[in-house]
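Work through the exercises below with the sequence and the structure in view. Each task is followed by a solution in steps.

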Amino acid sequence: MLKNITFTTINSETNTTVSKVILEYIDSGESKSYVFKMKSYLKNGLENIPSIIKISTKNLAKQERDNYLNYVKWSLPYNWRVELMSYSEWQDLGCLCYTFAISLGEIRPITYYIKNKNIVKINRIIETIFDPDQLRWYHNSNVQIADSIMEHYIEKWFVGENGKKRNVSNQIIEELLQAKNIRFNKNYITLNAKKIRMPENFHGRERGRFHTTILHGDMNSNNILIGENSPYPIFIDFQDTGRGHIFQDFIVFENSIRLYGDMQLDFKDLFELDLALHYYFTKEIEKSEIPNISSPFVESIIKLRESALKTFEQGKYQRYVYGLAMNCYSRLRKAKTFNENVNNQMLACLLASIYFLDEKGSDMEAEKSNKKEKIERLDKVFFSFNSVDRKFVDDIVERLKMASINVWYDQDELQGGDNIISKVGEGILQSKIFVIALNESGKGPWQEKEINDILVNAIHDNDIRMIPIIPLHSQATNIPSFLKGIKYIDFNDDFEKAFEMLKRAILRGTNR
Ligand SMILES: Nc1ncnc2c1ncn2[C@@H]1O[C@H](COP(=O)(O)OP(=O)(O)O)[C@@H](O)[C@H]1O
Ligand SMILES: [Mg+2]
């Protein structure tokens, strides 16, 4: 496998045949991979640049390579990441070769700074990574709509590699509850004289639509390295990189603070602190009313959540809390290796979160039923097109309106100051017929996002019809695979005939 890894040097004249390799094992904890630091020497005795060899099952390795090529390489600046140099396979194993992270000063995982309670450094890292103004992964322009936040998190944190739901017992949670003298039975925990649902039931509750963005996918503090004197974090480990809930990386990072920091409070205080943090974010209390505000990390957690809400216009605090609870719960169920303090922190956060959600639950249910009503689709026609075809689409839309067809058209619907993403998302939710204007130059970035939303809707709704059309002066190349097999209407042969066909196709799809 190592032979297949091609070694690169900056000077192409140099003989790059490797004559000697030294591997040094890196213990990476609960990982499913074997990671080594590799030193290699050329025939002429020169040493190659050091690299990292990461060996895992073929599927996992392939996944990580694809994630790197699809998401990391083009969306993270080079000083924020390591470089993937090569990849090879042998039998059922796959091997990735990364450059060894280099930076100013000694490089350490962020975990080191958490363990040392270096709050200044941690806050600076949070500001850099999660800065809402940075145009990287965490940005509104990457946001799309997806279905069922509950299923997303179950798949993410409760499903094993074999695709089956992880069958881990609640023993640790029950023991912890017992030790804290908290009463519980199969369905309820009695806390502060209030009955709240056992987490097992809680994660079976439906939580409606949510928003996704591109993210790291496993943003725990071991997967971010930083040089002592460097302002840039370096991301590694892209096994789970891709689309996920907008708050997921923030949540995982927050729990890294719980996992490796020691808040040095007893259970009751931890619970009250976590609950107060929630009420602070729903503006029910002032910052000064948060108990233990002076304890380390509280400032960091507040900063992190504020960045999350500032970054994503669509972000709802309840969704953050839901993800946080899911993460605590899944960690607790795997918790054999954690110490009691960490378990306390996770349990307090879990209980405070579900207590809070239970209280706010009615808001979320209301929000859900609103959404349901909206999905009662109207006989509206939504146009998705590349902006180069706007003139053509203007013309068609005008004619359709004259024929009393109800068109959702961005020109009519959008007003200055509107949030375009949520407005267009609304248009998609209201429409039943989607006319997709194909253009040989491909989909524009905006249309790409629309089509993705339309597809998500179409998967869950048999009422939806898609009508591909070829605008005037365009050609039938570049037809996306999901539209192949659907008859398209070409406006280049006979414009009037094509228009009549479009009108008929629309009327057939509506209830008229
Ligand atoms: N490119 C790299 N440069 C320096 N250290 C690395 C690099 N890649 C991985 N490591 C070290 O190896 C550990 C495990 O690697 P990682 O890719 O996170 O594997 P896993 O998927 O097993 O967590 C990391 O926590 C880090 O300490
Ligand atoms: Mg890792």
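**Exercise 1. Find the bridge partner of Phe 383 in strand E17.**

Step 1. In E17, Phe 383 has Val 435 as its bridge partner. Strands, like helices, are DSSP runs numbered from the N terminus: a strand is E with at least two residues, a helix H or I with at least four.

Step 2. Before going on, note the conventions. This is a predicted model, in which local features need pLDDT of at least 70 and side-chain atom pairs count only at pLDDT 80 or more, while totals for chains, interfaces and linings use all residues. Residues are numbered from 1 along each chain as its sequence is written, and chains are lettered from A and ligands numbered from 1 in the order in which they are written.

Step 3. E15 (residues 380-384) and E17 (residues 431-437) run parallel and are joined by 5 bridges. Two strands pair if DSSP finds at least two bridges between them.

**Exercise 2. Describe the largest nonpolar core and state where it lies.**

Step 1. The largest core has 82 residues, and those with the most contacts inside it include Ala 325, Cys 328 and Leu 347. Such a core is a set of buried Ala, Val, Leu, Ile, Met, Phe, Trp, Tyr and Cys residues joined through C-beta atoms within 7 Å.

Step 2. Helix H11 (residues 340-375) gives the most to this core, namely 12 residues.

Step 3. Both domain 1 (18-99) and domain 2 (119-373) give residues to this core, so it lies between them. The domain bounds come from an automatic or database domain assignment.

Step 4. Apart from this core lies another, of 27 residues, among them Phe 383 and Ala 437.

**Exercise 3. Is Gly 323 buried or exposed, and which residues is it in contact with?**

Step 1. Gly 323 is found in helix H10 (residues 317-333).

Step 2. Gly 323 is buried, because 28 other C-beta atoms lie within 10 Å.

Step 3. Neighbours within four places in sequence are left aside. The contacts of Gly 323 are then Tyr 153, His 245, Phe 247, Gln 248 and Ile 251; contact means that the C-beta atoms, placed from the backbone, lie within 7 Å.

Step 4. Gly 323 and Ile 149 are 174 residues apart along the chain, and their C-alpha atoms are separated by 8.6 Å.

Terms used:
Buried ≥ 20, exposed ≤ 12 C-beta atoms within 10 Å, placed from the backbone. Contact = placed C-beta atoms within 7 Å.
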